[in-house]
Amino acid sequence: NTFNPALLQTATAESSKRRSAAARVLSNAANKLHNPRLSALAYRVKLDAFERVKKAIDDMVTALLKEKADEIKHKDFCVDEFNTNKAQTETKEREKTDVAAQIEDFALTIKTFTEELDGLKAEIAEMQVQ
């Protein structure tokens, strides 16, 4: 089955005609009998359809506002996560640079110690020859 809005519009139009007719009958009876209660009832019957439409619109606006609030909350969460990630990345990059500098220092120290050790070995070998 597919949704046919024309049928809904026909049903709504028919309902609207009946509502208008009922409101007219009640209004005529209220005027004839000078009865304010019937007049108020006629008015409510006439406005009932508008009340349903207003309620539907209010419900839609409420849903849209909730959706907007949820999207703002999600966006704020994403921005916070992005900023946290950026800060962590910057921290890790600094740590990486520091570790690379330490490695370079240690490599230079090893080279220096190796050269000194080679020099001392040469001196020991020279002393043993004498």
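## Salt bridges

Two salt bridges turn up in this predicted model, where a salt bridge is a side-chain nitrogen of Lys or Arg within 4 Å of a carboxyl oxygen of Asp or Glu. Side chains of opposite charge can pair when their charged atoms come close.

Take Lys 66 and Asp 70: their closest N and O atoms are 3.0 Å apart. These two residues sit four places apart in helix α2, so about one helical turn separates them. Helices here are DSSP runs of H or I with at least four residues, strands are runs of E with at least two, and both are numbered from the N terminus. Lys 66 counts as exposed at 54% relative accessibility, while Asp 70 is partly exposed at 40%. Those labels follow relative accessible area with a 1.4 Å probe and protein chains only: buried is under 20%, exposed is over 50%, and partly exposed lies in between.

The other pair joins Glu 95 to Lys 92, with 3.6 Å between the closest N and O atoms. Both belong to helix α2 and are three residues apart, about one turn of the helix. Glu 95 is partly exposed at 39% relative accessibility, and Lys 92 is exposed at 54%.

## Helices and overall surface

What secondary structure does the protein chain contain? It has two helices and zero strands. Helix α1 covers residues 5-33, and helix α2 covers residues 36-129.

Of the chain's 130 residues, 5% count as buried. The accessible surface of the protein chain is about 11,900 Å², and carbon and sulfur atoms account for 61% of that. Such areas come from the Shrake-Rupley method with a 1.4 Å probe, and for residues only the protein chains shown count as cover.

Leu 26, in helix α1, is a handy place to look. Leaving out residues up to four places away in sequence, Leu 26 touches Leu 38, Leu 41, Ala 42 and Val 45, contact meaning heavy atoms within 4.5 Å.

Leu 26 and Val 45 are 19 residues apart along the chain, with 9.0 Å between their C-alpha atoms. Tyr 43 is 17 residues from Leu 26 in sequence and 8.8 Å away in space, C-alpha to C-alpha. Tyr 43 belongs to helix α2 and is exposed, with a relative accessible area of 53%.

Ile 57 lies in helix α2 and is partly exposed, at 44% relative accessible area.

## Notes on the model

Residues are numbered from 1 along each chain as its sequence is written, and side-chain values use heavy atoms, leaving out hydrogens and water. As the model is predicted, local features need pLDDT of at least 70 and side-chain atom pairs count only at pLDDT 80 or more, whereas totals for chains, interfaces and linings use all residues.
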